[in-house]
Amino acid sequence: MISPAHRTRDIERQAGYLKPEHCAPPPPRTGSDTMWFIRDGCGIVCGVITWILVFYAEFVVVFVMLLPAKNVAYSLINGALFNGLAFLALASHARAMCTDPGAVPKGNATKEFIESLQLKPGQVVYKCPKCCSIKPDRAHHCSVCKRCIKKMDHHCPWVNNCVGENNQKYFVLFTMYIALISFHALIMVAFHFVFCFEEDWSKCSSFSPPATVILLILLCFEGLLFLIFTAVMFGTQVHSICTDETGIEQLKKEERRWAKKSKWMNMKVVFGHPFSIAWLSPFATPDHGKADVYQYIV
């Protein structure tokens, strides 16, 4: 719901010019309780590939490196750690993909709704001509989601969704946990190669030596690639949160019209207030509490 106090960014306010029938149709949804899911072919393929790559890493780590290992404690500790982080990574991915990122109600730019806002003299609103919604400050239209998204950072095909106000936490956790399991897998691959060079190759894996080498090299390549990509993305997202400026706002160099908050308060806006272990959980929905999401400069 957009309150009358929220200022918006442009100057179209006459209800007579708002024509919802000229807008593109929204993604098919049957009700308010329907799970948020974007029907984009490229995004769905990228999401499936992400899960396949994680399961491939699981297969190599468990069946190629840990089960054949002679040290039971080594296998149990690393197995529990890797599988736990992989589970959190996939859970974060699912939450980022299936959570409404902050879509503005579609088609609310009607004459009746404009009049119900009771705008003060000189107060302006901006209508998105593509989805016929009244666009609040810091919202941008996504051509893939076909919606205006509040505090939209970017559209990520790997989670088949926009990264916005309501799911940025889950996206940050996804990049963090993928980076951690990638780093962990690389360390285990290095130890396994050292062990195999010191021992008979036929004893260090239940697979043949050529198959073992190929599987480990592929995992090493995957781990290194994903570690670099997700670590950079994680750092970019944390910086964006601390500066309270989305990727689109940085790219467009938009004028700042919202109050500046401390970095710690900006973190609470995204991850929840107050600080707790729930920040690391993809199952905990952020509770903003005293962390005001929108503070505008008048």
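Let's start with the fold. The chain has seven helices and six strands. Keep in mind that this is a predicted model. Read from the N terminus, the order of elements is α-α-α-β-β-β-β-β-β-α-α-α-α.

Next, some totals. The chain holds 298 residues, and 47% of them are buried. Look at contacts between residues at least 6 apart in sequence: 72% of these join residues at least 24 apart. The exposed surface comes to about 15400 Å². Carbon and sulfur atoms supply 68% of that area.

Rolling a probe the size of a water molecule over the atoms shows where empty space is left. How many cavities of 30 Å³ or more are there? The count is seven.

Take the largest cavity. Its volume is about 110 Å³. The lining has 13 residues, and nearest the centre lie Leu53, Ala57, Ile181, Ser182 and Glu222. Which helices each supply at least two residues of that lining? They are H1 (41-66), H4 (168-198) and H5 (209-243). By class, the lining of this largest cavity splits into nine nonpolar residues, three polar and one charged.

On to the second largest cavity. Here the volume is about 90 Å³. Again 13 residues line the space, with Lys151, Gln168, Ser240, Ile241 and Asp244 nearest the centre. H5 and helix H7 (263-271) are the elements that give two or more residues to this lining. H7 gives the most, with three. What is the class make-up of this second lining? Three residues are nonpolar, four are polar and six are charged.

Last topic: aromatic rings. The structure holds eight aromatic pairs. One of them is Phe271 with Trp279, a stacked pair, at 5.4 Å centre to centre and 25° between the planes. Phe271 has 7% relative accessibility, so Phe271 counts as buried. Trp279 is buried as well, at 8%.

Trp279 also pairs with Phe275. Why is that pair called edge-to-face? The planes sit at 80°, and over 60 counts as edge-to-face. The ring centres of Phe275 and Trp279 are 4.8 Å apart. Is Phe275 buried or exposed? Phe275 is exposed, because its relative accessible area is 53% and the cut-off is over 50%.

Over to you for questions.

Conventions: Residues numbered from 1 in each chain as written. Predicted model: local features only at pLDDT ≥ 70, side-chain atom pairs only at ≥ 80, totals over all residues. Heavy atoms only, no water. 1 Å grid on protein atoms, 1.4 Å probe; cavity = no way out; pocket = protein on both sides within 12 Å on 5 of 7 lines; lining within 4 Å. Points joined across faces, edges and corners; volume = space filled by probe spheres on them. Helix = DSSP H or I, 4+ residues; strand = E, 2+ residues; numbered from the N terminus. Nonpolar A, V, L, I, M, F, W, Y, C, P; charged D, E, K, R; others polar. Buried < 20%, exposed > 50% of the residue type's maximum accessible area, 1.4 Å probe, protein only. Contact = heavy atoms within 4.5 Å. Areas by Shrake-Rupley, 256 points an atom, 1.4 Å probe, with all protein chains shown as cover. Phe/Tyr/Trp six-rings, centres within 6.5 Å; stacked < 30°, edge-to-face > 60°.
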